[in-house]
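Here is a short briefing for a first look at this structure. Have the sequence and the 3D view open as you read.

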Amino acid sequence: MSGTNGSNRARRLCEEQVVPSYSRLTGSQSLTNVRDMNASGIPQIRSFNRIVAEAIGALDDRFLGRGRPMGESRLLWEVGVDGADLRTLRARLSLDSGYLSRTLVSLERQGLVVVQPHSDDRRARRACLTKAGLDERAELERLSDAVATRVLEPLSDEQRLRLITAMSEVERLLQPSLVRFVIEDPNSDSARWCFEQYFAELDERFESGFDPSISLSANARELMAPEGALIVARLHGNAIGCVALKFHKKSPAELKRMWVSPSARGLGVGRRLIDEAEKHARQTGVRVIRLETNRALREAIELYRRSGYIEVYAFNAEPYAHHWFEKKLP
């Protein structure tokens, strides 16, 4: 690859990593929605991406002067001192298996990484840094700190504080674009973990606590196709929320197990989980969704109302419910 072609590719790659390109938008983030945005927003984001790429040295295909592209250096950093499973790396960085494999092969040829079967599961593979890889990662840390120092040095104390504060806000606001939603097996470890967190929060917030054994059921069998579905929200590969659907043939579907991790609240994950559930319900022919909730869950009640759910008379005997809602899908 020539230096010019490498630089152009790195520039495009960096813009896509900071804000996903239009081709990666989900169905709920259609081109129509993008075009309806404030006309000044898109150019500002692209300008921001370009200046960040220049500031961190991403325009050179020899990132930080280490003779390799930014993607390889980033993967070297993500493998970390303790190593990482390949499936974890794929999920954390949203990489396809082919790209990950090619990048790891390159790092192996450089003597920086070894890939071998996992000690606990021979079907899984794990990447670990060699002694040279650990040294190289330490050097990348030093050079990255130097880049950050170079950005801050020309600024006054007040400007540095403003920049760091703004960067923190931008980082948080970019998180929603990295959230992925997947239909998941309700028997998976991630699903069980989400349910455990959900039950624990209900037990803490409900006046009389929460006992799932006396609540209306939404067990794993009921949440598997064709009886139902479980949607898990993931950020950097980690589960941060879930919502479930129970189908009843031609009768209204039920929305169940709606939960968002406290660490992800304020990112709009709850609203998007509802959107994903409604989209999936429409695809299976559902025209009406119902749900019930407890009065202690004030934020959820407000979210349901903002999402177009109308309060109705009680349609079941859920012992923990105080409010019942319904929505007709368009």
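Y198, F199, F206, F210 and Y320 form one aromatic cluster. The model is predicted: local features need pLDDT of at least 70, side-chain atom pairs count only at pLDDT 80 or more, and totals for chains, interfaces and linings use all residues. Residues are numbered from 1 along each chain as its sequence is written, and side-chain values use heavy atoms, with hydrogens and water left out.

**Aromatic pairs**

- A search of the whole structure finds 8 aromatic pairs. Rings of Phe, Tyr and Trp (its six-membered ring) pair if their centres lie within 6.5 Å; planes under 30 degrees apart count as stacked, over 60 as edge-to-face and the rest as tilted.
- One of the pairs joins Y198 and F199; it is tilted, at 5.6 Å centre to centre and 50 degrees between the planes.
- Y198 counts as buried because its relative accessibility is 13%. Buried means under 20% relative accessible area, exposed over 50%, and partly exposed in between (1.4 Å probe, protein chains only).
- Y304 and F325 have ring centres 6.1 Å apart and planes at 50 degrees, so this pair is tilted.
- Y304 lies in helix 11 (residues 298–306) and F325 in strand 10 (residues 323–328), so the pair ties together parts that are 21 residues apart in sequence. Helices (H or I, at least four residues) and strands (E, at least two) are DSSP runs, numbered from the N terminus.
- Both Y304 and F325 are buried.

**Helix 7**

- Helix 7 (residues 131–152) has 22 residues, which should span 32 Å at 1.5 Å a residue; its end C-alpha atoms are 32 Å apart, which agrees. The expected span is 1.5 Å times one less than the number of residues.
- Its buried residues are G133, E136, R137, L140, L143 and V147.
- They cover an arc of only 130 degrees around the axis, which puts them on the same side of helix 7. The arc is that of the directions from the helix axis to the C-beta atoms.
- These buried residues pack against helix 3 (41–55), helix 4 (70–79) and strand 3 (125–129), where contact means heavy atoms within 4.5 Å.

- An open sheet of 3 strands has the order 1-3-2, with antiparallel pairing. Two strands pair if DSSP finds at least two bridges between them.
- Strand 1 (84–85) and strand 2 (113–117) stand at the edges, each with a single partner strand, so one side of each has no neighbour in the sheet.
- Strands 1 and 3 pair over 2 bridges, and A84 stands opposite A127 in strand 3.
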